[in-house]
Amino acid sequence: MMTASHPEGSGSAARPRLRFGDFELRLDSGELLRAGEPVKLQPQPAKVLEVLASRSGEVVSREEIRRAVWNDAFGDFDASLNFAIKEIRRALGDSAASPAFVETVPRRGYRFLIPVKRAPEVLPPPLPTPRWRPWSRLVALGCMLLLLTGSRLGPAAAKAHSAKPLTAVKAAHEAYLRGIYFAGHEKPEQAAAAFQEAILLDPGFAAAYAELAQIRLDARLPADAEATKAAARRALELDLDLTGAHLALAQVLMFHDRDWAGAGREIHSALVREPHNAKAHDVNAYYLASLGRRGEAIAEAARARELDPAAMLFASDYAWFLYLDHRYEEAIRQSQAALQLHPLVPGQAASEAWKDCETTILQSASQLGDRETALVAAKALLAESPGHRQEAAQLASIEDYWRGREQRIQKALQNGFVDPYFRAETALVLGDRDRALALLTEQCSPPESVVPFTAVEPMFDSLHADPRWPKVLDCLKLPASAPARRSQG
């Protein structure tokens, strides 16, 4: 294979390139630029983008992409193509739900949506006395593996990754792809084990650290928060552009450490890198709501839902943030709308979102004094609780629901931890104000994601005038500038 260097600007004509919108894809180097500024896109996704953009307006089948990019030698094609499409959309600021650049054509392939101009393919004059270098199959295999793993790695991470023996790099990448597969099929324990295997095989595999941290958080796997935080930090040491690692670190800092400034910085870093990332906007909504910035939280939740309208999680979160803002009727309407997605969205994540919607309806209706609507939601929640279907059918009043919940809490406490936030809600509804405040102040650092909402939970509004309430805010380590502290402290 001949190797020759052509520095930018040498020769008599421009490099071959594809231009679309304010983007430019250089075909000789695979570089992507936006308004002249480089956009991070590693070789494999860049090649897929070239295939699609070269046939703008046409449906390009997955098989055609496989032949053009991976040929016949590649085994796990589906996972890598899906990942490449995701990286292309990230680089272009595109959305799968409302595509401006790359459209998924179900059961057929993909279509590039906007016109593309090809710059004249006039090559620079050849350099004198080119050198020829023989390439062994081993070197070719190494290059292929770097292409496969490069889409998640920055320069420092790529250097560490490629320094491993080739067989170890290949095995690490295979373990990583298994983790992605398991995560996508809602098998978090298997996913975490696969990511850990990838890290053991290749300690410089940045994406594996990021995915491990995120799967632990998303699935609430039993894990030391410090270990989860360390995995996210290690990912960012290797590749600062990993949005998922920024979001994972932000969640640990917010939910466990109560490091609000640090969490805010990480969320900002994620949004700067991927302004169209629905999850980043959703995490930001949690952050803003916990501080008492309710209006901003609702706007961010709405943005997440707009970017991914088919995700029941974002729809249920949007309803919850309306509830936190005391917009109870809207919260009920939005929850009921989100529940219509449930039969269409299978899986555990949708089931959790279903429970969140019913909880929002229960608590919003209770605040409105709508006992009938609250009771319907309470029955639905109880019926989905293992072993309580008959109890749900016999439930006669909303008061019976809360008394039954207290009994279930006491039974659960015999077997382990029960979130004090959850216990405090129940105690307060049953009239035990002192116990509710004690739970919120004596156990103020549990690693549960719901606890940061304590300061803005409408069910606790009646506690704000109590002289013990500032201690609750201190437990949350809310900054002095937080609206939740200024208005209630």
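Guide: The following conversation sets the terms against the values for this chain. The model is a predicted one.

Visitor: What makes up the secondary structure of the chain, and how much of the chain counts as buried?

Guide: The chain has 23 helices and 10 strands. Of its 489 residues, 48% count as buried, a word that stands for a relative accessible area under 20%. Among contacts with a separation of 6 or more, 60% come from residues 24 or more positions apart.

Visitor: Why are S6 and S7 called edge strands of their sheet?

Guide: The sheet is open, with three strands in the order S6-S8-S7 and antiparallel pairing. Strand S6 (59–61) and strand S7 (102–105) each have a single partner strand, so one side of each lacks a neighbour in the sheet. From one strand to the next, the twist averages 30°.

Visitor: How do you know that S7 and S8 are paired?

Guide: Two strands pair if there are at least two bridges between them. Four bridges join S7 to strand S8, residues 109–112, and the two run antiparallel. Thr104 stands opposite Tyr110 in S8.

Visitor: Which helices lie across this sheet?

Guide: Helix H1, residues 43–54, lies across S6, S7 and S8, and runs at about 70° to S8. Helix H2, residues 62–70, lies across S6 and S8, at about 65° to S6.

Visitor: Which strands stand at the edges of the five-strand sheet, and what makes them edge strands?

Guide: Five strands form this open sheet in the order S5-S4-S3-S2-S9, with antiparallel pairing. Strand S5 (37–39) and S9 are the edge strands, for each pairs on one side only. H1 packs on this sheet and touches S2, S3, strand S4 (32–34) and S9, its direction making about 70° with that of S2.

Visitor: What lies between S2 and S3?

Guide: S2 and S3 form a hairpin with two residues between them, and Gly21 in the turn has a positive phi of about 60°. Strand S2 (residues 17–20) and strand S3 (residues 23–26) pair over four bridges in the antiparallel sense. Arg17 stands opposite Arg26 in S3.

Visitor: Why is H14 called roughly parallel to H16?

Guide: Helix H14 (residues 312–324) and helix H16 (residues 348–368) pack at an angle of about 20°, with their axes 9 Å apart. Angles under 35 degrees count as roughly parallel, and H14 is therefore roughly parallel to H16. The crossing of these two helices is left-handed. The residues of the contact of H14 with H16 divide into nine nonpolar, five polar and one charged. Among those taking part are Trp320 and Tyr323 in H14, and Trp354 and Cys357 in H16.

Visitor: What angle do H12 and H13 make, and why does it receive its name?

Guide: The axes of helix H12 (residues 278–291) and helix H13 (residues 294–307) come within 8 Å and cross at roughly 165°. An angle over 145 degrees counts as roughly antiparallel, and H12 is therefore roughly antiparallel to H13. H12 passes H13 in a left-handed crossing. The contact includes Leu288 of H12 and Leu307 of H13. Its residues divide into eight nonpolar, two polar and four charged.

Visitor: What makes the phi of Arg107 worth noting?

Guide: Most residues other than glycine have a negative phi. Arg107 is not a glycine, yet has a positive phi of about 65°. Arg107 is placed in the loop between S7 and S8.

Visitor: Why is Arg107 called exposed, whereas His326 is called partly exposed?

Guide: Exposed requires a relative accessible area over 50%, buried one under 20%, and partly exposed lies in between. Arg107 has 84% and is therefore exposed. His326 has 34% relative accessibility and therefore counts as partly exposed. His326 is in the loop between H14 and helix H15 (328–339). His326 also has a positive phi, near 65°, although it is a residue other than glycine.

Technical notes:
Residues are numbered from 1 along each chain as its sequence is written. This is a predicted model: local features need pLDDT of at least 70, side-chain atom pairs count only at pLDDT 80 or more; totals for chains, interfaces and linings use all residues. Side-chain values use heavy atoms; hydrogens and water are left out. Axes are lines fitted to C-alpha atoms, for helices over the stretch in contact, and angles run from 0 to 180 degrees between N-to-C directions. Contact means heavy atoms within 4.5 Å. Angles under 35 degrees count as roughly parallel, over 145 as roughly antiparallel, 65 to 115 as roughly perpendicular and the rest as oblique. A crossing is left-handed if the near helix is turned anticlockwise from the far one by less than a right angle, and right-handed if clockwise. Ala, Val, Leu, Ile, Met, Phe, Trp, Tyr, Cys and Pro count as nonpolar, Asp, Glu, Lys and Arg as charged, and the others, Gly among them, as polar. Buried means under 20% relative accessible area, exposed over 50%, partly exposed in between (1.4 Å probe, protein chains only).
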